[in-house]
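User: Please walk me through this one, feature by feature, and tell me how to read each of them.

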Amino acid sequence: MRSVEPIISAIGVSKTYRSRDVIVNALNDVSFEVMRGEMVAVMGPSGSGKTTLLNCMSGLDSIDAGDVSIAGQLLRTMSDDKLSDYRASAMGFVFQAYNLLPVLTAQENVELPLILAGNAQKIAREKAVEKLELVGLGDRVDHLPAELSGGQQQRVAIARALANDPAIVWGDEPTGNLDSTNAGEIMDLLTRLNKENGQTFVLVTHSEEVGSMADRVVRMTDGVVVSNGNAAATTSTSISSES
Amino acid sequence: MEKLFGIEMDVLAGILAAGTVSVIGVILLLALRNRVLLKLAVRNIPRRKAQSVLIVVGLMLSTTIIMSALAIGDSVSSSIRTTVLDAVGETDVQLESPIEARFGDNYFDASMVDRVRDETAGDSRVDGVTPLIRETLPVLNEATDKTNAGTFVVGIDTGSLDGFREIRDLDGNLADLNAVDPDEAIINKALAEDLEAEAGDTVTLVAPSGRTEYTVIEIVENKGLAGGDGETRSSMLLDIGTIQEVLHRAGQYNSIEVSVTGGRRVDEQDSDDLAEDLQLAFINREAAQTLFDALKTPVVMEGLQAELDESGGAAAGPFASDTLEELVTELENDEVTDEFLIASTNTLTLAIVSGVIDEIGDPRLAQSLLLPMSQLVELQSTAIKNFGLDIAEIVGSQITLIFSIFGSFSIIVGLLLIFLVFVMLAAARTTEMGIIRAVGTKRRMLVQMFTYEGIVYSIGAAALGTVLGLIASVALVQIMIGALGSEDDFTFTYNVTLQSIVIAFCAGLFLTAITVAFSAYRVSKLNIVVAIRGLGQEFVKDETPVAGKRLRTALRWLGGPITQIIDSWRKRRARFGWKLPLAIGIGWLLMVVQNVAAIAAPDVEDSVVAQAITAAIVYWLAVFVWKVYKLVQPWLASGWPLLPIGLLMALSGFHPDKGIEGLASDNAALFTGGTTMLIIAVGLLVRRLMDRRGYREEPQKRVSMTFIGLGMLIFWALPFDALDWLTGELSSGVEMFLLSGVSLVAAAVWVVMHNADVIVWVVSKLIGGFGSLRPVVKMAIAYPMAARFRTGLTLAMFSLVIFTLMIFAILSNLGNAIEDEPDLVSGGFNIRAEIDPELPIGDIDGVLAASGGRLSASDFSAISSQALVQVEARESDSDELVFKGARIIASDDVWLNTNNFKLTHWDPAYGDAPAEIWAAVAADPGLAVVAGNIVSSDDFGGGEPGFGTTFRMSGIDSDLKGEFEGVGITIRPPIGQGSSGISLDRTVIGVMDEFADAFELGSADIYMNPAVLNEISKRPIEFSNHKFQIAGDQDSEEMARLLETVFIDHGMTARATEEDIRENQAQNNAFNQLFQGFIGLGLLVGVAALGVVSFRAVVERRQSIGMMRALGYKGRMIQIQFLMESGVVAILGSAIGIGLGALIGWNIFNAINADVEGVKFVIPWMNVTIIVLVAVVFSLLNTVLPARQASAITPTEALRYE
């Protein structure tokens, strides 16, 4: 399942934010790799650059220096359009605030990436329902986000992220807004999917529980990776013993 | 302008300014008492500068429209005033002989002048009295072969010109009026241009006595004594002695002019008083006493009183005050009073009196009155300048009124935009507001907070709107000036008064502030939890208190001020917020007490204090009625109570002839309002029924709402007279136009929004085929449909604007029938000519033959002759007793047998074709044909038969076109024209259509055989008008000029019909352009609305956009999505507007067509295409910027944004 070939690789990535006169070095010469099929947790205190790392590696944000390549393709060389297409076909995102489109029903939210990828309406609908059933929301397909609980909304977000069976799923605090029961269920779901589908998961999180369920934990402080774990050697038990 | 909607501009401006200041004052006071709210409100403004600017722009548009309408009215009014002042110059009061030239002699001798001088001697109001001769005569310049057949020739008495010397040459120097020798003349600029004459040239005057020549010594401006009259500007000034000699009028004058101290602009009251004083001085007291005695008999008094009761003093018109009432009142006195004298000099009143006398049927009485009536006035005194200025005023306010009516659609749209802006502003701040409420702020405070912020925007918007309105009106007036071109007799200039600016600013601020307060009230009803969680809520339903609580509230407010006092006293433990309400309550109570006292002793009635006191009671009632409404509102909403209310309302709108006695009040607004309520009631009941049957909410809503929408749509789109069989013909005003437009658009949008999914389905099917667009279409539809209220509002605004533009485009194209078919108006004659009656043409062919080859009889296929005679007429078998003004057009056989005017009604006993009817008139002097306006029901002109001073017939139904049986009329010469005792009976056997002979500008023309000329007057009447039909294809304008030259010795003025049509068309076009520009301002509002919605959408959807980008949407796709959202609203709005506009345009056309033959209904596709293109393109342009902004948002930035 897990391959030794890296699907994501970052070399010397730096990112600086300027807010008025304050300059924040969000990422400082960060290098690391994620193997295909791996589930990686990026952890660290607030402001350590976790989310920035995720944004930069997924191509949502630009970088000031260094290089990120995904499946051997350099993001730097891709146009905005190409990146968009790439996101639509090969990536899925799960955010802390769910970020469902409030005007669409659960099913329509999940359909969106499918339609974007050029699927026919009928197929898109079937696949969306299938994904929603996968996350346990087969009976909530026609509900608007406002009519769902937080846990349910996050499941829809996950279903949406998985709609196109992307190679990589990015999660930014996917359980951050949830209680422990819901968070546990979501993490179980994610690990199950990781195991069953062999998709790569990169999760930014505060939660040691989440970290404990990942294959490897990357720790960051002040924009620098302080512990990279070892993809081959690090096991879930060793990570959990860290916590 | 001095008046608007019948209210003095000064007063209106004063009231509005005072209102504005007090409203701002109260708000300021409230704000200072609770500064936290003020801070919260005001600090929001600079927080998002771009948004604040956008809000101000959205808010200012109503003010802009009001300002433009007022400024255009001001400009029209001031331009006419300038024209009037130029024409009458320093003359304020004019005294003329009351006898018309045709029937008698309107010259008088110097003794009259002396009497006027005696009357005005020592009167400080008067600074000059001068006798004149004013005649219209031909003048030619032989050197250039140019003529002006209708020159206004004025003989001036150089010895008495004090007060009238304000005549300047072209360099601006005062002209030397004393130096006019007998062989010299001063001509004005207009005449100089006509004749191509310069100082030193010789000009020839053609008079009945022959030709005389004068050297032009000076050319002066077209002003004052050299200003001509309202119609003709070209003037020539001669010494009085010279003109008296030419006209054989030694020592005689035909006008005495009096100047009131103060130059051109004088105190209008002084003018009126002076005119009245002079009138009193020139009334024959003996005749007045005889008249008084004759009228003061019980039988006449009774008759007059009956007439007064019936007509309500039918003399109402813009200038004829209700003098009949005054006359009757004054007859109660034992002696002749000044008021009686003034009332009895009113010719209209006299006409009514003689009608009443006729009805009494006592020939001796009638005979005894004729003499005193004709001798009553020695000189008719008129405040001529005031008269002209009044016309200017009326035209100006009418124009403003028309612009306001059409503009009110745009103003409504502007107000909707304000509402929309605030709803969106509130939506953007939902979380913030939720938290403010959560920490303990009261709902009332939220309203206050929003109102403070809104007021700041409103003040900025009103100021900016006023400035922009001024700029827009300058541009519009420039368009009008460009289109009208510059003509000597009327110069259109820009003008705006301070009052207008104050009114526009205050009205704009007021309307904006009210809308803001209303919006604030609506948004304050948020649900705290929903708000804090940031869940979408466009509107949260008001929580309805239980019935018992509502009843208690309503009952409590019976107490009015007392309740207010008790309430605020109870709250005294609170730190603040009780003293002011308490004070208000006490003040309110005092006012009410005062008012009750005032009713007991009603002497303070009209004071301002009394008004304020009345306001206190009105406020009390208003609050109470509101609370009662809130009490019954939930029941009303269930539907069934609306049934009886709507039915009652509709029935009370019926015409009394058809409806229930005592209830029916003949009011279209009530009937339509009631019917609309019935439709809504049925719709709501359907919903209830479906609910009982267990249908889900969605289909319930769709069926009932669609029913209501479609019902209203069908009802309001019915032709105007469709329900007349049921209700009777209902009277209505402009409010119906506004009401129907708003109702139709609302109904259409209602239907569309409640069936949006059908449209969505169609659009998806249409565009969805383009694979790559599918995700874009999905989102472009999802957002507008999720925010239905907002989308519906925007759609309504857009539709309303296009609707107005469409109706106007159709209406402005209705009149083109004349252009296509000039014979409709000319009857087949190309040139209309008029000659000086003193210089009749004996032998037309002879004059043509002697023209030296310039013209010959063979140039014309028909030359006809007519005489126009002012008479009075009444329908023989009608209840209408009064003889009213009419004009006989006695025509020779050539005219009667050649004209091809169409007839709308004809008596089949005389033939079926118009030619047969005309031939019958030619053969039988007892027959007549009348102009269309005599039988018109005047749907669009106001007035009805029996009203006003002009002859109308009720015996012929204007709507029932075709065959009818001849109707008898009685004709007599006007009173006091020395032809008493003459009365002729005629049978009307035909009615012409409304366009026929329209350029004769008759208001009541009766066409007859020339035999009438020998019967109607004791003096022979000669033909004075001629119509020419050109044989070949010569240029008719050129021929008209040639005719004027050839017939110069007869003072002929000739006009080509083509020329008139062209000028008419040019004026119409100018007005249309002005109007379209003005309506276009409304379009600006609609486009701005879409822009505002788009800009807001970018801000609101930042996160969603980020997510969509993360999902793989390209920047371009987001951009297309935004453009599509606006495009759908713009296109849908255009479709609704065009459809409904065409429908109402068609209804209006049918209503007009019922009266006027030959009007054509054309949908001006060119205009429509331009309107739609402009609307859609500008909407998209307006969305481009926000769309680009949206597409430029980077996903991480958007997702971080909370």
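**Reading the model**

Analyst: Let's start with contacts in chain B: among those between residues at least 6 apart in sequence, 80% join residues at least 24 apart (a contact means C-beta atoms, placed from the backbone, within 7 Å). This is a predicted model, in which local features need pLDDT of at least 70, side-chain atom pairs count only at pLDDT 80 or more, and totals for chains, interfaces and linings use all residues. Residues are numbered from 1 along each chain as its sequence is written, while chains are lettered from A and ligands numbered from 1 in the order in which they are written.

User: What is the mean pLDDT of chain A?

Analyst: pLDDT is the predictor's confidence in each residue, from 0 to 100. For chain A the mean is 83, with 91% of its residues at 70 or more; for chain B the mean is 80, with 89% reaching 70 or more. The model scores ipTM 0.73 and pTM 0.71.

User: Where in chain A is confidence lowest, and where highest?

Analyst: Helices (H or I, at least four residues) and strands (E, at least two) are DSSP runs, numbered from the N terminus. In chain A, helix α8 (residues 236-242) has the lowest confidence, a mean of 34, and strand β3 (residues 39-43) the highest, at 93. Over residues 231-243 of chain A pLDDT stays under 50, and the model has 20 contacts beyond four places in sequence for them. In chain B, residues 312-321 also have pLDDT under 50, with 18 such contacts.

User: How many residues does the contact between the chains take from each side?

Analyst: It takes 22 residues from chain A and 22 from chain B. On the chain A side, α2 (80-90), β6 (91-95) and α3 (106-116) each supply at least two residues, and α2(A) gives the largest share, six residues. By class, the chain A side has 13 nonpolar, four polar and five charged residues (Ala, Val, Leu, Ile, Met, Phe, Trp, Tyr, Cys and Pro count as nonpolar, Asp, Glu, Lys and Arg as charged, and the others, Gly among them, as polar).

User: In what order do the six strands of the open sheet in chain A come?

Analyst: Strands of a sheet pair through backbone hydrogen bonds, either parallel or antiparallel. Here two strands pair if DSSP finds at least two bridges between them. The order in chain A is β6-β7-β8-β3-β9-β10, with mixed pairing. β6 and β10 (224-227) of chain A each have a single partner strand, so one side of each is left without a neighbour in the sheet. β6(A) pairs with β7 (residues 168-172) of chain A in the parallel sense over five bridges; A:G92 has A:V169 of β7(A) as its bridge partner.

User: At what angle do α15 and α18 of chain B pack?

Analyst: Axes are lines fitted to C-alpha atoms, for helices over the stretch in contact, and angles run from 0 to 180 degrees between N-to-C directions. Helix α15 (residues 384-428) and helix α18 (residues 498-523) of chain B pack at about 35°, with axes 9 Å apart. Residues making this contact include B:F419 and B:F422 of α15(B) and B:V516 of α18(B). The contact has 10 nonpolar, three polar and no charged residues.

Methods:
Contact = placed C-beta atoms within 7 Å.
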